[in-house]
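User: Hi, I'm new to this one. Can you put it up and walk me through?

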Amino acid sequence: MNRRHILAMVVGAALLVPGCTGTGGTSKGADAKAPDDPSKVTGTIKVLTVRTDLVQDGTMKKYAAEFNKTYPKVKVEFEALTNYESEVKIRMNTENYGDVLLIPAVIKKSDYPKFFASLGTRQERGKKYRFTDFTTVDGKVYGQTPVGVSPGFVYNKRVWKEAGVTDWPTTPAEFLDDLKAIKSKTDAIPYYTNFAAGWTLTSWTSVNGSVHCDAKATDKLAEGDPWAKDADLRVGDTLLYDTVKSGLIEKDPTTSNWEQSKPRTAKGEIATQWLGTWAIVQFQDAAKKAGVNPDDIGFMPFPSQVDGKFCAVIGPDYNQAVNVHSKHKDAARAWIDWFTDKSTYAQDNLAISPLKDAPLPAVMKPYEDAGVKFIEVDDGKGAQVKSIDNQSETGIYAPEYRQKLVDLARGARKGSLDDFFADLSERWTEAQKNSGS
Amino acid sequence: MADVTEKTAFRSGAGAAPAAPAPAPAPPRRRLRLRRGITPWLFLIAPLALLITFTYVPIANMAAYSLTDWDGVSPELNYTGVGNYTEIFTREDLFRVFFVSGYYLAASVVQIVAALYFATILSFNVRFRNFFKGVLFFPYLINGVAIGFVFLYFFQDGGTLDSVLSLFGYHSDHAWLGTPVSANTSLAGVSVWRYMGVNFVLFLGAIQSIPGELYEAAELDGANRWHQFRYIIAPGIKPVVTLTVILSISGSLSAFEIPYIMTGGATGTATFVIQTLNLAFRFNKTGLASAAAIVLLLIILLVTWVQRRLVPDDRVDLV
């Protein structure tokens, strides 16, 4: 053994010693109090966002300018991240992750107090805002969403009418019949999976709650078997499977294209997609750009009724939070409050306002007419569901499992649907036991 | 590298010593020798610092994480010992993805043969040979992400491939990325397209280092092109071929960017690296993913070692 080898070993051994992370836990449990006097709040705050489009076209700057009318001494800077989740996750190992940020899905709820400053108690905020329990830890709220969203089918009204369907389908079977009618009577693709994008399939998890109009649907995921007979996710997944199996989707899902699917839906080449209210504004824009009528874009709830009424789940979009290490917590808090309460962000996005007393956006008019019941699913066990999901590697919040389901339905994967669900159930309930619930 | 510099420094130092006047005091000489000993290390500081910071520290960190249940962001992490490694070796579904590497392995055989063929042909006097060299090497210069996107359009329903085929009267109704076999074959095809240029350039360089007289002599002896390839070129470039094979195997085991960008691992195209990435970032099992990465590293080291044993790197001696 020569000198070089010894050196290499010494260096190697020395390197193995350090290794663990050290995020400072000193600021744990800090509060971001709402400032009393707007004119006294000072500082430059950095706001992290996923809305690259709004940062690029200057819309966010306009909001900031409006904000400065009330808070003249606060300078707001934006940083839009394309790959938000993974980039922020890595940055959160340091103390520099902006002053205001969107809470990434990966952060465990119980860790919120370590990363974010509290915005107040649940009791007090719950009076004014919706969805507060999604970010509540030990009675304190750590985030606030600027908009609420409801999952549903974005569809082209004209195409559906051409196929002779005027009423929303009320059961999965009826929905399939309608799609078949679209296939036989029009040139449109009845349902577009957007398989390649992945996240578009992930959103099928949000059928949870609307199938049985159950505000405690999340608890059932944590305690029960989501793929038991007649359980919400099984109903949704079966509908997706049947749609694919009956050949009611695009010819080659593996090369589907999300950006193209917007104008194609607007023009009536695609009839239906399962997305959320947030998508309406984007599809209408696509319609305007393509020179077709934006009013053709419709929105319908999941085909399931309880007591003759549809149910629509509403939930928060990304929650904004204050970095617990921020040097300008009051300014950051001021931004969040202003952005939620005073800005026109929710209206501009035709979204549901997180303020309890705000009216529904105009696009939801057909919902009101049809008497759709809105429910907020209780998120008390949300953290547990996520941990079971990770533990079991099922991925109800990841695309793989539904991509596999679609592959199964179109015969690119061997097996039966029942076995597929049985395997999911087994893994899920196994992880439930291990997580000690 | 270090050894060479050091030895040279030492030798020049030894040569200089007797030349120094005999009654020279001891301390300066010792200091001189010390300085001579240090000099090469001074030059090495920068590369060593970079190497350690960006290669060895991260690997050591990863090895440390692989013994924990860290989720990638939480400040809390528990030491779990070899638990992650036990999990990797007891869950066969984690190893099943290596079958996908088989496609890339098969593709690399095609790739090496094709590269060898083109390199041989273009090493002789062929019209437009420089042009063809450029054409063959060009794909490697394109960024992998761009290639992924280009080929997504290529394989699309009614995309480039379908249009080209229909020019020849073949109207395919085939979803190229639609089934696991077809998707993996297509993706492996893209990887051949991309990496053949590198192998080709390596082979070409090796072939051109073979002295030209050998061909002349062989021709005088009545050897045809095949004989020349069989008895001159093939043995002449054997070390480069061995190297290429090693690179191809490790590349096939760790195939990543083309399948990740084009299909995201859907439809049975997930490779071991994609799976590791999913473990780390989808399911937040950073500890387990680190262990998987270490396992992959060890497998590749092992394959390389076995291969070096089977095909010893003997000297090429043509003359």
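Analyst: Chain A and chain B bury about 3,400 Å² between them, 52% of it on carbon and sulfur atoms. Buried area is the accessible area (1.4 Å probe) that two parts lose on being put together, summed over both. This is a predicted model: local features need pLDDT of at least 70, side-chain atom pairs count only at pLDDT 80 or more, and totals for chains, interfaces and linings use all residues. Residues are numbered from 1 along each chain as written, chains are lettered from A in the order written, and side-chain values use heavy atoms, without hydrogens and water.

User: How many residues does each chain put into the contact?

Analyst: Chain A gives 39 and chain B gives 47. Contact means heavy atoms within 4.5 Å.

User: And how many salt bridges across the interface?

Analyst: The rule finds six. Each needs a side-chain nitrogen of Lys or Arg within 4 Å of a carboxyl oxygen of Asp or Glu. One salt bridge joins R282(B) and E400(A), at 2.9 Å, N to O.

User: New topic. Where is C213(A)?

Analyst: C213(A) sits in the loop between α9 (199-202) and α10 (217-223) of chain A. Helices here are DSSP runs (H or I, at least four residues), numbered from the N terminus. C213(A) has a positive phi of about 55 degrees, though it is not a glycine.

User: Is C213(A) buried or exposed?

Analyst: Buried, because the relative accessible area of C213(A) is 15%. The cut-offs are under 20% for buried and over 50% for exposed, with partly exposed in between (1.4 Å probe, protein chains only).

Note on methods:
Helices (H or I, at least four residues) and strands (E, at least two) are DSSP runs, numbered from the N terminus.
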